[in-house]
Amino acid sequence: MPDIFSRLESFGDRYRLETDLTSGTDWIGCDTLLDPWSDELGRVLEAERVASGQVSDHATALTVMAVYAGTVTASALLAWALDDVVLDMRPSNVAIRLSPHHGFEAVGLRKPLVVNEDVGTLVSWVLNEHLLPLARAMRVRTRAGLRQLNGGVAHGCAAAFCIASRKGGDVDLLERRYQQFLAASTGGLDALGKVIRLRENDREGLFYLRNTCCLYYTSAEATKCSSCCLDPVDDRIAAYRRVLAAGVVPH
């Protein structure tokens, strides 16, 4: 088996995993975040509120959910798509370090377990045991809408495939693997957005059109995501075409 961890990192920082969690004491176990009233979940939400200047608890939760799903578990989705293996992304095996900026500084695995399993295991470990319970915990804590939170899950999972497709990944493979993942997924992700394929000149890639909003435009940055459902579909596609032609990799 190739060094899957180095291969993942070659696609960008969002896929980088640390496997030595012995240095430092600032790791937060992701299993603690599933308790809606844990201090750890409070730290994660507060860090994002301060970093992005969000205006409300529920807007902060929606932003955290989209960023979390698009970074913390992205490596597991890409590893399965590329090499048909499943990383142990159950929350008890994953830890994160907070960043002073928007997002997370690092994602680590307590045990770098890689198994030859099918998409059912991937869905179980990433969605059923991790992202969807986290969405429910944030729903309880902040009263953010569960559909919007799950929209962040759907967006983050799609981003794992889409961004890799624009970082040199095999577009045919990643599009096919995304559809396989979506067909096996739980949480109604298929109704929360759509992956499209675009080509401009010699550049091609996958892009996501959201059906829900993460409310990031209410942050201090006051900007909308490139996939924001508040913009008409035609406008989003036109913007995606422009950045594809320019060789930019939008989130």
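User: Where in the chain is cysteine 228 found?

Analyst: Cysteine 228 sits in the loop between strand 7 and helix 8. Helices and strands are DSSP runs numbered from the N terminus, where a helix (H or I) has at least four residues and a strand (E) at least two. Please keep in mind that this is a predicted model, in which local features need pLDDT of at least 70 and side-chain atom pairs count only at pLDDT 80 or more, while totals for chains, interfaces and linings use all residues. Residues are numbered from 1 along each chain as its sequence is written, and side-chain values use heavy atoms, with hydrogens and water left out.

User: Is cysteine 228 buried or exposed, and what is its relative accessible area?

Analyst: Cysteine 228 has a relative accessible area of 5%. Buried means under 20%, exposed means over 50%, and partly exposed is in between, using a 1.4 Å probe and protein chains only, so cysteine 228 is called buried. Leaving aside its neighbours within four places in sequence, cysteine 228 is in contact with Cys213 and Arg236, where contact means heavy atoms within 4.5 Å. Threonine 212 is 16 residues from cysteine 228 in sequence, and their C-alpha atoms are 7.5 Å apart in space.

User: How are strands held together in a sheet?

Analyst: Strands of a sheet pair through backbone hydrogen bonds, either parallel or antiparallel.

User: Which strands make up the open sheet of three, and in what order?

Analyst: The order is 1-3-4, with antiparallel pairing. Strand 1 (28-29) and strand 4 are called edge strands, as each pairs on one side only. Strand 1 pairs with strand 3 over two bridges, and alanine 95 in strand 3 is the bridge partner of glycine 29. Strand 3 (residues 94-98) pairs with strand 4 over five bridges, with valine 94 standing opposite leucine 109. Their hairpin has five residues between the strands, and glycine 103 takes a positive phi near 105° in it.

User: How do you know that strand 4 is mostly covered?

Analyst: Strand 4 (residues 104-109) has six residues, and five of them are buried.

User: Why is the pair of phenylalanine 161 and tyrosine 178 given its name?

Analyst: Rings of Phe, Tyr and Trp (its six-membered ring) pair if their centres lie within 6.5 Å, and planes under 30 degrees apart count as stacked, over 60 as edge-to-face and the rest as tilted. The whole structure contains five aromatic pairs. In one of them, the ring centres of phenylalanine 161 and tyrosine 178 are 5.4 Å apart and the planes lie at 70°, so the pair is edge-to-face. Phenylalanine 161 is in helix 6 and tyrosine 178 in helix 7 (residues 171-184), 17 residues apart, and both are buried.

User: And what is the pair of phenylalanine 207 and tyrosine 240 called, and why?

Analyst: These rings have their centres 4.5 Å apart and their planes at 35°, so the pair is tilted. Phenylalanine 207 belongs to strand 7 (residues 203-210) and tyrosine 240 to helix 8 (residues 233-246), 33 residues apart in the chain. Phenylalanine 207 and tyrosine 240 are both buried.

User: Which residues form one aromatic cluster?

Analyst: The cluster is formed by Phe161, Tyr178 and Phe181.

Definitions and conventions: Pairing = 2+ DSSP bridges.
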